[in-house]
Amino acid sequence: MRLRTFLTLGAVLLAVLGLGSAGGLFWMTTLLQRQTTSLIDAAERVRAAAELEITLLLLQYAHEVEGIGPADIGPSIGVDALLREVPERLAHVELYTETEVERGLVAASRRSVEAYLHAPESDRRLRLAQAVDATRAVMDSSIARARAARDEATAVRRTGRLIGTLLAAAVLGGVVLFLAIAQTRIYRPLVAIRRALSAFKSGRRESRVARAGPPELQEIGAEFNDMAETVSSQDARQLQFLAGVAHDLRTPLNALKLSAQMLLRAKTAPPPEKVRDSLVRISNQVDRLERMVGDLLDRTRIEAGNLELRLEECDLRGLVEEVVELHRPSSEHHRLECSVPDAPVPWRCDSTRLSQVLTNLVSNAIKYSPQGGVVALRLESTGREAVVSVTDQGVGIPPGELGTLFEPFQRSRAATKDIPGVGLGLSVSRRIARAHGGDIEVESVLGTGSTFRLRLPRSG
């Protein structure tokens, strides 16, 4: 499950639990309010029925006392006043009547009261007793209804407590579950990534991140592992490069040292031919050192973004011919061939940098064909693009190495042991070509030879 989906589901779950809790509390509050209203109505109904019964009982008592008539039955209560209160009490009872059973009992009580009020004097006592009994039935029903409402309210409170407990447990369980899953699926993988980064930063290059957690964190871990592999590979290549540089620098330095010592230790002046041979060897070794140092400096400038081109009009034909003539005496086992157009090929470019590129390509063609053979340069121009091809009959390049051939410090494994170099010439050359808006392509057959093509589009 992706991190975004997990967080969305967690938020939805918590929202549902929160809304459920709020809905449950609202429902419980509404139900309790309804039960409270019902209890109040039941209490009012009991009170009204009790007041009606008391009034009727007072009337009954007045009729049973001897010598009482229309006069007062006490110091402050009269029969006429009680008779006027009976309809009011009855209407008050009817006001809080809800069920059909209660309406029937109240209707029976009203009929009994009205029968009492309209009965003749001789029949009033009997009618009054019937009215009292009917009113007592109304009060008993009201009391039973009040008790039922009380029991229902008690049940609602218990149900409310249970629902509240369940909702609280659900919310707490949801939060705990979300935090537990978040700790297992998110926090621990994040801690593992942080530890791997810290370990890698402290120098433990073998530190890697295990694939765990949501896909986003797995992708971060995979990116870190790829970066760590790249850095480790670069470290290995740099160590290999330093070893190669040390070896390649030692070879020309030893040659320079031997040539100089031979001249210095000679008791008599050597013949001019031997002096010339020694000076040629010294000059070649110095040129080799200069190219190596130049490649290193150019690579440093390129990485720092300080490669500057001085564009000017130059003749590509003359530039190719000059490079060929420069390398013609460098090897007795190679034959350099040059194919250029008959007319000059004017081009806007940095002639110094392009000469450096062609020199690297020709030097590599000679260096990687140790058995000798033909090194051919061919210049073609279509008006929009100029192409310089350098073809050799050397060891060739394995197909699996063509994709990384132009990377820094990369050299063909088939010739690394026997052919000196640090693996920067082609990288620098391609960057110079791309700075001109062009590129360098390669075609090679292992054991047969290689062809490098420098493509330069016309600027402007």
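1. How close do the axes of helix H3 (residues 100–118) and helix H4 (residues 124–201) come, and at what angle do they cross? The two axes come within 8 Å and cross at roughly 160°. Here axes are lines fitted to C-alpha atoms, for helices over the stretch in contact, and angles run from 0 to 180 degrees between N-to-C directions. H3 is thus roughly antiparallel to H4; for such labels, angles under 35 degrees count as roughly parallel, over 145 as roughly antiparallel, 65 to 115 as roughly perpendicular and the rest as oblique.

2. A word on the ground rules. This is a predicted model, in which local features need pLDDT of at least 70 and side-chain atom pairs count only at pLDDT 80 or more, while totals for chains, interfaces and linings use all residues. Residues are numbered from 1 along each chain as its sequence is written, and side-chain values use heavy atoms, with hydrogens and water left out.

3. For the overall picture, the protein has nine helices and seven strands. Helices (H or I, at least four residues) and strands (E, at least two) are DSSP runs, numbered from the N terminus. Of the 460 residues, 35% count as buried, where buried means under 20% relative accessible area, exposed over 50%, and partly exposed in between (1.4 Å probe, protein chains only). Among contacts (heavy atoms within 4.5 Å) between residues at least 6 apart in sequence, 72% join residues at least 24 apart.

4. Back to H3 and H4, whose crossing is left-handed. A crossing is left-handed if the near helix is turned anticlockwise from the far one by less than a right angle, and right-handed if clockwise. On the H3 side the meeting residues include Leu105, Val106 and Ser109, and on the H4 side they include Leu128, Ala131 and Arg145. This contact divides into 12 nonpolar, five polar and four charged residues. In that count Ala, Val, Leu, Ile, Met, Phe, Trp, Tyr, Cys and Pro are nonpolar, Asp, Glu, Lys and Arg are charged, and the others, Gly among them, are polar.

5. Ala146 is buried, with a relative accessible area of 18%. Leaving aside residues up to four places away in sequence, Ala146 touches Leu39, Ala42 and Val46. Ala146 and Ser38 are 108 residues apart in sequence, yet 8.0 Å apart in space, C-alpha to C-alpha.

6. Next, helix H7 (residues 316–327) packs with helix H8 (residues 351–367) at an angle of about 40°, with axes 10 Å apart. H7 and H8 are therefore oblique to each other, and their crossing is right-handed. Leu319, Val320 and Val323 are among the H7 residues involved, and Leu354, Leu358 and Val362 are among those of H8. By class, this contact has eight nonpolar, five polar and no charged residues.

7. H8 also packs with H9, at an angle of about 145° and with axes 9 Å apart. Here the crossing is left-handed. Residues of H8 such as Val357 and Leu361 meet residues of H9 including Val428 and Ile432. The classes are five nonpolar, five polar and one charged.

8. H9 deserves a look of its own. Eight of its 11 residues are buried, so H9 is largely enclosed by the rest of the structure. Among the buried ones are Leu426, Arg430 and Ala433. Just after H9, Gly437 takes a positive phi of about 90°.

9. Now the open sheet: five strands in the order S2-S4-S5-S7-S6, with mixed pairing. Strands S2 (334–339) and S6 (439–445) stand at the edges with a single partner strand each, so one side of each is left without a neighbour in the sheet. Neighbouring strands are turned by 15° against each other on average, direction ignored. S6 and strand S7 (residues 449–457) pair in the antiparallel sense over seven bridges; two strands pair if DSSP finds at least two bridges between them. Val445 stands opposite Gly449 in S7. Helix H9 (residues 425–435) packs on the sheet, touching S6 and S7, and its direction makes about 135° with that of S6.

10. Lastly, strand S1 (residues 312–315) and S3 pair in the antiparallel sense over four bridges, with Trp347 in S3 as the bridge partner of Cys314. Strand S3 (residues 346–349) has a covered face, Trp347 and Cys349, and an uncovered one, Pro346 and Arg348.
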